[in-house]
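Please open the model in a viewer and keep the sequence panel at hand.

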Amino acid sequence: MSDRTYRPSRGRSQRAPFNRRPRGKKTFKKDYIDPSRFVRSAKVVEAVQYVPTHQFSDFPAHPLIIGNLQKMGFIAPTPIQDQAIPLGLQGGDIVGIANTGTGKTTAFAVPLLHRLLTEQDSRALILAPTRELAQQIEKECRAIGRKAGFYGALLIGGSSMGEQLRDLRQDPKLVIGTPGRVKDHLERGTLQLSRFNIAVLDEVDRMLDMGFINDIRFILDSVSDERQSFFFSATLDGKVGELMNGFLRNPQTISVKTGDTSDTIEQNVVRYQGNGDRLEKLHDLLNKTEVSKAIIFDETQKSVERLSQTLHDRGFAVDAIHGGKTQGQRQRALRRFTKGDVSILVATDVAARGIDVQDVTHVINYSTPQSYEDYVHRIGRAGRAGRIGYALTFVQS
């Protein structure tokens, strides 16, 4: 996987030259959530120092991978990496239960890339729920597998279909994508998965929540029967278990989850009367010095655009991200937010899934979410890396 040969799609704003039916988009009736569920004090959890069994240099992975990890400054693995990498290198199926931000990508990337480097006929597929997460995974795999010398393809919506077709014609050994776009290529015959003997599903629970269950089953039925599988999820509920039971073979389960995502979030409500009052209270809230970096959730693409423009007109450094924007626009907005060029990001639920920005202080629910599960996922954008985060939900009086 070298800079010369590994050439995934770059995410240009050109639309795909096909008439496509939207994938994984369903209309859900909004659940009633008792406002009392939006009020909760954060738990101060003392961090327990984890002593890894291995160092990265101890893993029997290809020397190129170990060398790249050393150049990246990787010395001691996280718990999920320490436990999953040795099992993955042995070729077994793995179920990893871990919080977001615990190093899951490296945990499956090391054994996956090792097999691609040492086995000529191996092929790997990685599925992620959102474009942004797929791009993060591709970036990390590119760094860990630098100069490996094989082709890869990044298959996501909002990027050039022409570039994706070009990459697929190169017979890539590694394909990373979202379920909807991967299924599109399968149905069009531009992607054949029968030779792919490694399958990774990252954030399985979120993909199922987003309505991708049938697409995932269709895709997994297309890969080789002789395969190694990695399933990573923050939860292990009935839907995830059902999918696992139909696909995995005697998996090893590794759980390093340290509590619910919401445990480190200070949660409260903001009462308002009418839209004018709601906007003024949001304005006052964003002017507080403790709100240094915030994600604001609103319901629709139009409402996100409208709110973003209103805040911009009021002098706030703000950008917007939603499914109606091109991939290039979404990348630029996320990059500006990550770098601190803007301190406020207004987003829809779907667009925000997969965003991993470490220093978000506040999540503001300008509109209530579709379900309590979506609420938990929203507020999990704050309070990362052991820090206390804050979640405020606007509730009409």
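A residue is called buried when its relative accessible area is under 20%, exposed when it is over 50%, and partly exposed in between (1.4 Å probe, protein chains only). Helices (H or I, at least four residues) and strands (E, at least two) are DSSP runs, numbered from the N terminus. This is a predicted model, in which local features need pLDDT of at least 70 and side-chain atom pairs count only at pLDDT 80 or more, while totals for chains, interfaces and linings use all residues. Residues are numbered from 1 along each chain as its sequence is written, and side-chain values use heavy atoms, with hydrogens and water left out.

**The whole protein**

Begin with everything displayed. The protein has 14 helices and 13 strands, and buried residues make up 55% of its 397 residues.

**Helix α8**

Select residues 213-220, which form helix α8. Which of its residues are buried? They are Asp 215, Ile 216, Ile 219 and Leu 220. Seen down the axis of α8, these buried residues fall within an arc of 125 degrees, so they line one face of the helix; the arc is that of the directions from the helix axis to the C-beta atoms. Their cover includes β2 (124-127), α6 (179-188), β5 (198-202), α7 (204-209), β6 (228-233) and α9 (238-245).

**Strand β4**

Move to Val 175 in strand β4 (residues 174-177). Val 175 is buried, with a relative accessible area of 0%. Contact means heavy atoms within 4.5 Å. Leaving aside neighbours within four places in sequence, Val 175 is in contact with Ala 124, Leu 125, Ile 126, Ala 153, Leu 155, Leu 191 and Phe 196. Select Gly 152 as well: Val 175 and Gly 152 are 23 residues apart in sequence, and their C-alpha atoms are 5.7 Å apart in space.

**Helices α1 and α3**

Now select helix α1 (residues 63-71) together with helix α3 (residues 104-118), which pack at an angle of about 145 degrees with their axes 9 Å apart. Axes are lines fitted to C-alpha atoms, for helices over the stretch in contact, and angles run from 0 to 180 degrees between N-to-C directions. Leu 64, Ile 65 and Leu 69 in α1 meet Thr 106, Val 110, Leu 113, His 114 and Leu 117 in α3.

**The six-stranded sheet**

Next, display the open sheet of six strands, whose order is β8-β13-β12-β9-β11-β10, with parallel pairing. Two strands pair if DSSP finds at least two bridges between them. At the edges stand β8 (265-272) and β10 (318-321), each with a single partner strand, so one side of each is left without a neighbour in the sheet.

Within the sheet, select strand β11 (residues 344-347), which four bridges join to β10; four bridges also join β9 to β11. Val 318 stands opposite Ile 344, while Val 346 is the bridge partner of Ile 296 and of Ala 320. Ile 344 and Val 346 point one way from β11, Leu 345 and Ala 347 point the other way, and all are buried.

Finish with helix α12 (residues 327-339), which lies across β9, β10 and β11, running at about 140 degrees to β10.
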